[in-house]
Amino acid sequence: MALRTIRTEGDPVLKKTSRPVQEMTPRIRELIVDMLDTMYDAMGVGLAAPQVGILKRIVTIDVGEGPIVLINPEILESSGEQTGDEGCLSVPGMAGQVTRPNHVKVKALDINMEEVIYEGEELLARAFCHEIDHLDGKMYTELVEGELHQVTYDDDEE
């Protein structure tokens, strides 16, 4: 459909709490398609609606296994721990060490407003936590252990 402008750190919309989606409308469906297009164009693994200036509880994720759309997501359970580099499309070119759960179970609605449950480990678990944080106005930079650093693209990391 259309690429949306990704809001960057410092934009007040990124600090606000998103509202639940009550019903699927043509505008919400278009937003989801635009979010997926924008995420892929920016070579990201996740995007939350506040990152494109819309305070709705919608997340798109693709860690290489196909797109996941989460509407009104909530984390049901988490376990384990992983620490690794994390980046964000709203903080371009930067990354930092963040500790997250290694396993996460999420309940949400899909694009048809039907309940779905996903379980993810490692990168998918990290993406679930990172994107759901955006819906609550939290940035990963608040969790960084140490300093942010420039992302280098000469290896296999994202």
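Q: What makes the contact between the side chains of Arg 7 and Asp 11 a salt bridge?
A: In this predicted model, the side chains of Arg 7 and Asp 11 come to 3.1 Å, N to O, and a salt bridge is a side-chain nitrogen of Lys or Arg within 4 Å of a carboxyl oxygen of Asp or Glu, so the pair at 3.1 Å is called a salt bridge. The residues are numbered from 1 along each chain as its sequence is written, and local features need pLDDT of at least 70, side-chain atom pairs count only at pLDDT 80 or more, while totals for chains, interfaces and linings use all residues. Side-chain values use heavy atoms, with hydrogens and water left out.

Q: Why is Arg 7 called partly exposed?
A: Arg 7 has a relative accessible area of 28%, and because buried means under 20% relative accessible area, exposed over 50%, and partly exposed in between (1.4 Å probe, protein chains only), Arg 7 at 28% counts as partly exposed.

Q: What makes Arg 57 and Asp 136 a salt bridge, and where in the chain do the two residues lie?
A: The closest N and O atoms of Arg 57 and Asp 136 are 3.1 Å apart, which meets the 4 Å limit. The pair links distant parts of the chain, with Arg 57 in the loop between β1 (46-48) and β2 (58-61) and Asp 136 in the loop between α2 (123-135) and β8 (145-150), 79 residues apart; helices (H or I, at least four residues) and strands (E, at least two) are DSSP runs, numbered from the N terminus.

Q: Is Arg 57 called buried or exposed, and what of Asp 136?
A: Arg 57, with a relative accessible area of 12%, is buried, whereas Asp 136, at 30%, is partly exposed.

Q: What does the salt bridge of Glu 86 with Arg 100 tie together?
A: Glu 86 and Arg 100 form a salt bridge with their closest N and O atoms 2.7 Å apart. Glu 86 lies in strand β4 (residues 82-87) and Arg 100 in strand β5 (residues 94-100), so the pair ties together parts that are 14 residues apart in sequence. Salt bridges that share partners join Glu 86, Arg 100, Arg 126 and Asp 133 into one network.
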